Amino acid sequence: DPARLGMRLNTDSLPAELWELGAAFNGVLNRLALSYEQMEAFNADVAHELRSPLANLIAGTQLALSRERDPVFYQDTLASNLEELERMTSMLNDMLFLARADRGERVERYQSVRLEEEAAKVLEYYESALDGAGVQGMVVGAATVSADAGLLRRALSNLVSNAIRYTPRGESLEVGVRPAAGGTEVYVLNPGPEIDPQHLPNLFARFFRVDAARTARAHHHGLGLAIVKAIATMHGGEVFAISEANATRIGFRLPATPAMLTQT
């Protein structure tokens with residue numbers, strides 16, 4: 001039960017013909033325990049992420065109701081509340097998307113997608129953010145894949161948004177497309193301080209932040225790279241993160257054809 005997740009069969013005392021069965025059963029218990037622990041951690045993270053905006057909403061509303069105020073103050077309060085509500089809605093929508101991916105949802109509609117064109121569209125969308133951060137963006141390479149264009153655009157958008165936050169002013173980030181073993185690799189490369197190797201395996205985990213303080217101030221809820229991983233998985237691909245030589249490259253690999261997808 002949840003209070004005794006560590007209990008396992010003692011395979012040392014089993015007859016030889018039952019040892020493999022006992023080991024397999026313990027493997028099932030290991031996976032169940034890991035899933036339960038991940039679910040508990042996820043629930044705790046969600047509660048933590050929702051607590052701050054809810055507290056802001058309550059405090060702002062209580063202040064507005066504490067005494068009669070002019071219309072401009074009420075308008076400012078409503079605008080602030082709307083910002084918090086939109087942030088919560090965005091997070092909940094992302095969580096619902098991840099829940100569908102966790103249930104094994106796969107891409108249903110494939111189309112021919114020119115990755116360099118999608119990358120250019122994403123950079124154009126982030127033009128004002130790039131200008132505000134003093135960062136340049138460029139597309140390198142070209143490839144055509146069979147995929148869901150909307151999902152790939154979303155994954156690229158999350159990668160670019162993430163890179164903008166960590167690219168030093170005056171530098172450039174690169175959206176790259178290139179052949180990879182058995183498929184195509186898509187990445188965003190940005191200069192900046194290297195990420196500690198111990199953090200790299202966790203970058204695609206939900207709510208994980210290398211720099212929690214800076215990310216919190218920027219109002220990002222830590223699901224962007226988790227969604228990138230979900231989109232890659234839905235296409236039968238995988239994600240990767242490399243940080244070395246004062247640069248970080250984060251991206252995903254897609255199989256050459258949808259026929260290469262395997263159900264897991």
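Me: Which residues is Leu-115 in contact with, leaving aside its neighbours within four places in sequence?
Reply: In this predicted model, Leu-115 is in contact (heavy atoms within 4.5 Å) with Ala-143, Val-145, Leu-152, Val-177, Thr-184 and Val-186. Local features need pLDDT of at least 70, side-chain atom pairs count only at pLDDT 80 or more, and totals for chains, interfaces and linings use all residues. Residues are numbered from 1 along each chain as its sequence is written, and side-chain values use heavy atoms, with hydrogens and water left out.

Me: And which residues of helix 3 are buried?
Reply: Leu-115, Glu-116, Glu-118, Ala-119, Val-122 and Leu-123 are the buried ones, where buried means under 20% relative accessible area and exposed over 50%, with a 1.4 Å probe and protein chains only. Seen down the helix 3 axis, they fall within an arc of 160° (taken from the directions from the axis to the C-beta atoms), so they line one face of the helix.

Me: What sits on the face turned away from that buried side?
Reply: That face of helix 3 carries the exposed residues Glu-124 and Tyr-125.

Me: Switching to the sheet, what is the strand order?
Reply: Five strands form an open sheet in the order 2-4-5-7-6, with mixed pairing; strands are DSSP runs of E of at least two residues, helices runs of H or I of at least four, both numbered from the N terminus, and two strands pair if DSSP finds at least two bridges between them. The edge strands, each pairing on one side only, are strand 2 (136–140) and strand 6 (238–244).

Me: How many bridges join strand 4 to strand 5?
Reply: Seven bridges join them, and the two strands run antiparallel, with Glu-174 standing opposite Leu-189 in strand 5.
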